[in-house]
Structure formats: C-alpha cells, structure tokens
Amino acid sequence: MTTTKGLEGVVAAQSSICSIIDGVLCYGGINIDELAENATFEEVVYLLWHGVLPKRDQLSALQKQLGESAAVPQEVIDSIRTYPRDVHPMAALRTAVSSLALYDKEAQDMSLEANYRKSIRLIAQTPVLVAAFARIRKGLEPVAPNPQFSVAQNFLYMLNGKEPTGTAIKAFDTALILHADHEFNASTFAGRVTVATLTDIYSGIVSAIGALKGPLHGGANEQVAAMLDEIGTIDNVEPYIRKALDNKQKIMGFGHRVYKDGDPRAKWLRQMSKELTQQVGREELYQMSIKIEDLVTKEKGLKPNVDFYSASVYVSLGLERDLFTPIFAISRMSGWTAHIMEQYENNRLIRPRAEYIGPVNQHYVPIDQR
Ligand code: COA
C-alpha cells in the first residue's frame, strides 16, 4: 500500500461534469472563459446537470421550475428565527439545509426524477435561506423570493429588500458561474463520499456545506477580506505580508492543490474587482490586492486563487463579510447536485484504506493497573 497524504494526485473516479486539464477549467468541455463572458448562471446549472447547454425552451423550463421551487417551508423559516443571531451564517446554512429535508416529502425517494426535483429545490431555496438568516439576525423580516427573478437577482433582492442594479446582478451572476463547479474539490468529494453509501441527497449536501466552511476551502474568501481590513493601507502591505511569510503563516487566497500556474478564474475576479472597487470608491482594496499578489508571487511563487479577488468584489457589492462563503455555497450547489446525481448513476461505495502507524501487540490492562 502507498499512502498519499491529502490524496494529492489521486484520481478517485471518472466524471463528465468538469475538467481541469493543463490548468484549463471547463464545464462540460466548455472553457470557463467563454462561460464567464457569455452564459448565465441558470445556463451553467443546466450544463452541469445535462452536459450540454440548454435550448431556449429548456432554459425557460428550468427558470420556471426554479421560480416555482424557491418558496421555503414556513417551518424552516420559523426555525431560523430560533437560531442564535451570532452564529456563523455557514453554520446556520448547514442546519437550515438539513431541516429542509424534514419537510421534503421526496427526501427519501431515490429515483432519478425525484433527485432532479430536489436539486432544483436546493438551487432555488439555498439563496432564500442565506438571505433569510442574514435579515433575521438583524431583526428584519425575510423577503419572499420573486419567481420571475434569476438566482443572482433574487438573492440580492431578498438580502437587501430592494431591486439590485443591473451592474450588481451581472457581477454577481458572473461570480456564481465562476464558483459553480471544480471537479473533485474537498466539498464535492465529501458530498460524493456521503451519497456513495446510498444515503439521501440532503445528507450529501450537508456534508459538502460542512467541508466548504473550512478556511482552507470556501472559508478563504472571508479571511481575505479580514486580511485586507487588517492591512488597511497600501503602505502596510509589504510589512504585513513579509511578517506573515516570516512567521510561516498562509496568505489566504493564494495557492492551489491543482493549479500551479495560476487559477483561471482569478483573472475574471481581478478585472471585476478593478471595475467594481472603482465604481464604489474603494480603489484602495484593489490596489492593496494587486500589491499583495505581486509580493506573494515574487516571494513564494504562489498565484491568487478564486477566493482572493472575490473578497474585494463582494465588499464592493456591499455584502457582509461572513456571507461570502454562503454565497460560494449558493453557487456550488449546482456542482454538488450535479456530482451527487452522477455518483448515484454509477455508484460504488467510496472506502479507502489507512496506513496504520500506531502501536502493535498491545494488551488490555485492567483500569486499576494502568
Ligand atoms: N501562503 C503561504 N504559503 C503557502 C500557501 C499560502 N496561501 N499555500 C501553500 N503554501 C506553501 C505551504 O506552506 C507549503 O510550503 P512548505 O512546502 O515550505 O511547507 C507549500 O506551499 C505547499 O502547500 P500545501 O499546504 O501543502 O499545499 P496543498 O496543496 O496541501 O494546499 C491550499 C492547497 C489551497 C489548501 C493551500 O495553498 C492554502 O492553504 N491556501 C490558502 C487557503 C486558500 O486560499 N484556500 C482556497 C483554495 S481555492
């Protein structure tokens, strides 16, 4: 047996959803650059689920289904009102998604059709849950979803209680596309491992949310915003980063297990960060980010990943810092559900081995002789 720490380089299954080949990221064989430029998030959801882009009537049908499926059971909204207001929104989301299963009559129906319908509900209802908790913790009433709105438009509308600008919708939609899937990332793998026991889709999604929450995965974007706040000024970038590197601290938003020459999503977010920070008069966030990138690349040879520039993009959109990772979950729900359905279609229990390095030939010692 050979042990591969962190499963680096291990190919754990075949998949036809998303590829990263020679640093190029594609969904269903289409380069992410083309999708970021031309597609909508709903088209990407369809692409991840079906492997092809939707025709006009297929897209309209999906948009209609998402609109009709967005209403969250009242019991779930009522239970969110009982959550402590100071918990992290990812913890709230993990619990809220788990409680959706309690009120879904199809929760245990393992047919392909039922799992597809549940996937639609998960995509449509996750933004509702995130926005509801964000408002309830401030003492505000949740805003009901508008079935006519896209996922991006609806989330910003439900969060702020007013219609977002076209610029905000476009930027948010692009961010959703860029975060939608990433083959066997930690949260997707966690979801696949869970459902490979043939448990229900909600259990798989709850595992995935738990994995995304960690700072080495989706939690990094929030940490980047905290770092930008802490650095505060352009002049403080160099001393701050040098000290962190000297202390062997990880700089959040840099490095990647798969990409060694840079994350193809980062350039889109860098450009969005440049434009949006300028529009809202927060250029210093972009300037600081560029300087951090130059320094970390020069000193460590590390490039920014998807989380680095998404931080200043979300700050510019007026989003609260601890909502950044739940927003990642809103988007990644598309990839998670695609992967879970793919796992069910061709399932085998995922059960690796461990290389035992503990003591051997030990004996039971009665408690009073230990
Ligand atoms: N800042 C500083 N050093 C970093 C670093 C970072 N962000 N990311 C990796 N390194 C260094 C490690 O310290 C290690 O150095 P060493 O060999 O001298 O000990 C080396 O690069 C390899 O890092 P490792 O953590 O083993 O790589 P990994 O493939 O296991 O981890 C990440 C990949 C993404 C978890 C890692 O790069 C990281 O922690 N990044 C910060 C968190 C982040 O942005 N996560 C979002 C990912 S999309």
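Between domain 1 and domain 2 the count is 1 salt bridge, where a salt bridge is a side-chain nitrogen of Lys or Arg within 4 Å of a carboxyl oxygen of Asp or Glu. The side chains involved belong to Asp 33 and Lys 267, with an N to O distance of 3.0 Å. Keep in mind that this is a predicted model: local features need pLDDT of at least 70, side-chain atom pairs count only at pLDDT 80 or more, and totals for chains, interfaces and linings use all residues. Residues are numbered from 1 along each chain as its sequence is written, and side-chain values use heavy atoms, with hydrogens and water left out.

So what are the two domains? Domain 1 takes in 15–215 + 323–345, and domain 2 covers 220–316; these bounds come from an automatic or database domain assignment. Their C-alpha centres lie 26 Å apart.

Now for the rest of the interface. Contact (heavy atoms within 4.5 Å) links 22 residues of domain 1 with 23 residues of domain 2. About 1900 Å² is buried between them, and carbon and sulfur atoms give 66% of that; buried area here is the accessible area (1.4 Å probe) that two parts lose on being put together, summed over both. There are also 6 residue pairs in polar contact between the domains, both residues at pLDDT 80 or more. A polar contact is a pair of N or O atoms within 3.5 Å; within protein, one must be able to donate a hydrogen and the other to accept it, and residues adjacent in sequence count only if both atoms are side-chain atoms.
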